[in-house]
Structures are given as C-alpha cells and as structure tokens.
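The reader may wish to keep the sequence and the model in view throughout.

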Amino acid sequence: MRIGLDIDNVILDTDSLILEEMLKEDKNKRNKGIIDKNAPYIFLGMFDWTKEEIEEFLINNMERIASNVKIIKESKKYIDKLLEEGHEIYLISNRAYPYYKNPLNTTKNNLEKNEIKYTKLILTETNDKSRECIDLKIDIMFDDRASNCLKLKEKGINCYLVKTIYETRTFDNLEMVNNFKEIYLKIKEVEK
C-alpha cells in the first residue's frame with residue numbers, strides 16, 4: 001500500500017515544542033503565560049498575542065523548531081514495521097516560505113536525526129494535500145487537521161484524522177485514530 005503521513009503532530013511532536021518556545025517568548029512580551037488553557041489551539045487565543053506577533057514568532061522560529069522537534073512515541077517503530085512489510089511511506093507536509101527558508105533541507109535533516117525512514121518526502125505550498133495524494137496514488141492518508149482530512153475525503157482519498165491535544169473533535173464523516181499503534185492497525189484493516 002501507498003501510505004501518506006503528515007509529519008507535524010503525526011510523526012513529530014511539533015506542537016509541544018512550539019508551545020514550549022512560545023512560553024519562553026511570552027516572557028519577552030507581556031509575561032502573562034497561557035491566558036486560556038481551553039483555547040482550541042496554541043495560536044487561537046491561548047496567549048494574548050496579536051496575529052502579527054504570532055506571525056513574527058513563526059517566521060523567526062519555525063525553522064529552528066522544526067530542526068529540533070522529537071518523534072512521537074512509537075512512530076519510528078511502526079513506520080519501520082510498515083516498510084519491512086513492503087508498504088511505501090510518503091511523508092506529505094505543508095512546510096513553506098516564509099516560515100521556512102529551506103524547508104526541504106530542514107525537514108530531511110530532522111527526519112535523518114530522528115532516524116525516520118520513508119519512500120518519498122513531499123512538501124506542499126498549502127495545507128491542501130489532495131493533488132499530491134492523487135498524483136502519488138495514495139491508498140490511505142493520516143493527518144492531524146480535520147480541515148485537511150475533509151478536503152482529502154472530498155477528493156476521494158481515504159483519510160483518517162489523528163487525534164492530538166488540540167484536535168479532539170469528532171466528525172460524522174471522519175474516522176479518528178489516537179496513536180501510531182492505531183494508525184498501524186487501521187492500515188492492516190484497510191489492507192485486508
């Protein structure tokens with residue numbers, strides 16, 4: 001099977017490092033810390049930052065953060081197992097300018113540092129990954145954003161939503177997986 005995996009928050013624990021870095025940066029701003037622990041996402045009201053401040057933070061820090069983010073527990077184990085079983089792993093992620101000066105090298109270097117193997121790495125200019133999934137004939141895709149999964153399903157791509165601390169909503173037309181073991185089991189189920 002041709003398996004598509006988003007990178008951030010599916011394979012790599014990106015949001016945890018972003019939150020850690022924003023907490024540090026907040027001390028240089030108004031030093032209020034998290035003002036809304038129930039905000040739907042880090043950039044959506046968790047801090048009292050303006051849109052411009054968030055944008056500036058991402059432009060100045062995202063490439064460094066992406067260079068240092070660690071793998072999510074068990075992702076490497078299951079990716080290795082899928083590759084050993086003969087599956088193809090396509091890493092499909094939205095990483096582009098202005099948040100990254102050199103998204104391809106930054107991503108490749110981090111994946112290598114975390115010893116993540118894959119068949120092909122594809123970086124998109126937008127969050128819509130449907131063209132890439134169609135061109136690559138992806139059989140099954142896993143992404144941490146409901147909006148991405150809904151777009152993929154509209155185009156007929158078998159997509160599953162990966163639950164994160166910020167994506168816990170349920171959708172009638174989207175199946176959710178909680179961790180990489182569940183991703184693996186879902187792939188085995190679809191494979192049958």
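Helix α3 carries a kink of about 55°, centred on Asn 61; the bend at a residue is the angle between axes fitted to the seven residues ending there and the seven starting there. Helices here are DSSP runs of H or I with at least four residues, numbered from the N terminus. The model is predicted, so local features need pLDDT of at least 70 and side-chain atom pairs count only at pLDDT 80 or more, whereas totals for chains, interfaces and linings use all residues. Residues are numbered from 1 along each chain as its sequence is written, and side-chain values use heavy atoms, with hydrogens and water left out.

α3 comprises the 18 residues 51-68 and reaches 24 Å from its first C-alpha to its last, close to the expected 26 Å; the expected span is 1.5 Å times one less than the number of residues. Buried means under 20% relative accessible area, calculated with a 1.4 Å probe on protein chains only.

How do α3 and α5 pack, in angle and in distance between their axes? The angle is about 25° and the axes lie 8 Å apart, which makes α3 roughly parallel to α5. Axes are lines fitted to C-alpha atoms, for helices over the stretch in contact, and angles run from 0 to 180 degrees between N-to-C directions; those under 35 degrees count as roughly parallel. On the α3 side the contact is made by Glu 63, Ala 66, Ser 67 and Asn 68, and on the α5 side by Pro 103, Thr 106, Asn 110 and Lys 113.

Thr 106 lies in α5 and counts as buried because its relative accessibility is 9%. Its side chain forms a polar contact of 3.0 Å with that of Glu 63; such a contact is a pair of N or O atoms within 3.5 Å, of which, within protein, one must be able to donate a hydrogen and the other to accept it, and residues adjacent in sequence count only if both atoms are side-chain atoms. Beyond four places in sequence, Thr 106 is in contact with Glu 63, Ala 66, Ser 67 and Tyr 100.

Another buried site is Ser 130, at 5% relative accessibility, in helix α6 (residues 130-135). The side chain of Ser 130 makes a polar contact of 2.6 Å with the side chain of Asp 128. Leaving out residues up to four places away in sequence, Ser 130 touches Leu 152, Lys 155 and Ile 157.

Conventions:
Helix = DSSP H or I, 4+ residues; strand = E, 2+ residues; numbered from the N terminus. Buried < 20%, exposed > 50% of the residue type's maximum accessible area, 1.4 Å probe, protein only. Contact = heavy atoms within 4.5 Å. Parallel < 35°, antiparallel > 145°, perpendicular 65-115°, else oblique.
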